[in-house]
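Here's a quick briefing to read alongside the structure. Have the viewer open and follow along.

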Amino acid sequence: MKTLNRRDFGVDLGLALAAAILLPATKARADDLEIHIDNFVFQPAELNIKVGTTVTWTNRDDIPHTVVSAGKFRSKTLDTDDKFSFTFTNAGDYKYFCSLHPHMTGMIKVE
Amino acid sequence: MSGHDHGDDGVSRRKVLECMTWAGTGVLWTVTGGVPRSLGIIDSAQAATAAAPGMTFLQISDSHVGFDKPANPNALGTLEEAVNKINAMPAKPSFMIHTGDITHLSKASEFDNADRIISQTKLDVHYVPGEHDFIDEEVKLYRERYGRGTKGHGWYSFDAGGVHFIGLVNVVDLKAGGLGNLGAEQLAWLEDDLRGKSKSTPIVLFAHIPLWTVYPQWGWGTEDGGRALEHVKGFGSVTVLNGHIHQVMQKVEGNVTFHTARSTAFPQPAPGAAPSPGPMKVEDAKLRGMLGVASVSFKQNEQRLAIIDTPLQG
C-alpha cells in the first residue's frame, strides 16, 4: 500500500544525515513539497510548483483515500499515514481528486 | 426501549434528530400486504412480527471489517454482536440485505472474517458493494464472492414475498467533484428490469450511497440518483434503502420512502456537525449506547413514519 521512496526511508529512520551521504542522488530538493489529507481535505488544495518537483501526499485521516489525476497519476489506496509521491516532469495544470470521496479535489500547477 | 418509542403519531423534527444520533446494528423489515414496514431488531420487532405475519427481512450496513481506529477498535466484534441479536430473534427473517462497506480495505482476510460472522445468521444475504469493498488492487475480491449472477459492476434484481428488490451499485467511476454514480449502462438496465412490471408491485431499491441528496458537501448523495427514481415513478410503493452515512435518516416523497441504516462499526456525525464525515469517536461507555436499534413503520395510504429507537445499552 505504501509508496516509499528512498528519501522517506532515510527520514523515517531519523538518518537524514546518513541518507544524504549514502544516497546523494535522492537528497531532498529544497522545493519538494508535502500535501496532507486531513478531514477529507487536501491541504493545501492548490500548489504552484516548478518542473521536476516531487510532491508527497500523506493521508492523516482514519479513512482510506486515493490521489488520482485522470490519465496522469493514480495512487494505490492510502490507509492512515500512507504516502504517495509523484515527480512532475511536465508543465501544466493537474487537477486531481480522491476516487473514493470525489468531493475531495485539488490542483497542482506546474511551470 | 422506553423513551424512544415515537409511536404512530408522526415524527417531530426533534425526534428525527434524536434518532440520527444513534448508531445501530440493523433494521428489520417486514412486508405485510405488499408494503414494507421496518421494525426494531429486538423487542418491538418480535411483538410486531407476531402480530403481523408476512415476509420479514433484515438490513445491515457498513460493517467495515478491518477497521481498528479509536472510534471502534473492534468492528468485527460489534458485527458479531449484531449477528447475535439477529440470531436471538424468535421469528427468523426470510433473508438479509447488506448495503455495502462489508470491509474497510477490501482485504481477503476482511472479506473472510465478515463472511465467517455474517454466515452465522444462516440467512441468505443479498449484498451491494460500498466503495470500501472495491479498493483491492485488481478490484476482484468482492465480485469473486458476491458478483455471481449480477450485471455490470454487481447490480441485480430478485423477487421475494411479492416485492421486487433491486440492488444497485453507485460506488464505481466516481467523477471528480461529484457524488455517487450509477452510470448510463446501469440506468438502462434498470429501465429494462422494470419494464412490464405491474405498477402495484412494491419496489425496494437498495444501494450503498444514498440515492437522494443528503449532504453534497460530504458527498452524501448520488449524481444520477434522480434518474433512477424517474424509472420507479408511478409505482404505488417504493422504498429506497441505503447505508454509507452511518446514521438513520428518512424522507418521504410521494410514494417513495427513503431510509438510511446505521453502521455496525462506528457512528458518523450528522451533516455539517463536524469538520468531516470521518468516524466519530465517542466515549467507550457510550459506543454501545449508540449501537442501538431502529425501527421504521410504513403504512399503506399514509405517508407518516413511525420510528422506534432502542439503544443496546443505557
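Lys122(B) counts as exposed because it has 9 C-beta neighbours inside 10 Å. Keep in mind that this is a predicted model.

**Positive phi in chain B**
- Lys122(B) sits in the loop between helix H4 (108–118) and strand S6 (124–127) of chain B.
- Its phi is near 55 degrees, a positive value in a residue other than glycine.
- Most residues other than glycine have a negative phi.
- His246(B) also has a positive phi, near 55 degrees, and isn't a glycine either.
- You'll find His246(B) in the loop between strand S10 (238–242) and strand S11 (249–253) of chain B.
- Is His246(B) buried or exposed? His246(B) counts as buried, because it has 26 C-beta neighbours inside 10 Å.

**The annotated stretch of chain B**
- An unreviewed UniProt entry lists residues 55–247 of chain B as "domain: Calcineurin-like phosphoesterase".
- That span is 25% helix and 17% strand, and its end C-alpha atoms lie 25 Å apart.
- Strand S4 (residues 55–60) of chain B is mostly covered, with five of its six residues buried.
- S4(B) runs parallel to strand S5 (residues 95–98) of chain B, and the two pair over four bridges.
- Within that pairing, Gln59(B) stands opposite Ile97(B) in S5(B).
- To get from S4(B) to S5(B), the chain passes through helix H3 (residues 75–87) of chain B, making a right-handed β-α-β crossover.

**The sheet in chain A**
- Four strands of chain A make an open sheet with mixed pairing, in the order S2-S1-S4-S7.
- Strand S2 (41–43) and strand S7 (83–87) of chain A are at the edges with a single partner strand each, so one side of each has no neighbour in the sheet.
- From one strand to the next, the twist averages 20 degrees.
- Strand S1 (residues 33–38) of chain A pairs with S2(A) in the antiparallel sense, over three bridges.
- His36(A) has Gln43(A) in S2(A) as its bridge partner.
- The peptide bond from Gln43(A) to Pro44(A) is cis, with omega near -5 degrees.
- Pro44(A) itself lies in the loop between S2 and strand S3 (46–49) of chain A.
- Most peptide bonds are trans.

**Confidence in chain A**
- The average pLDDT of chain A is 82, and 73% of the residues score at least 70.
- Over residues 1–27 of chain A, pLDDT stays under 50.
- For that stretch, the model has 26 contacts beyond four places in sequence.

Key
Residues numbered from 1 in each chain as written. Chains lettered and ligands numbered in written order. Predicted model: local features only at pLDDT ≥ 70, side-chain atom pairs only at ≥ 80, totals over all residues. pLDDT = per-residue confidence, 0-100. Contact = placed C-beta atoms within 7 Å. UniProt positions renumbered as here; feature names shortened; annotations may be inferred. Buried ≥ 20, exposed ≤ 12 C-beta atoms within 10 Å, placed from the backbone. Pairing = 2+ DSSP bridges. Right-handed = clockwise from strand over helix to strand, strands pointing away. Axes fitted to C-alpha atoms, helices over the stretch in contact; angles between N-to-C directions.
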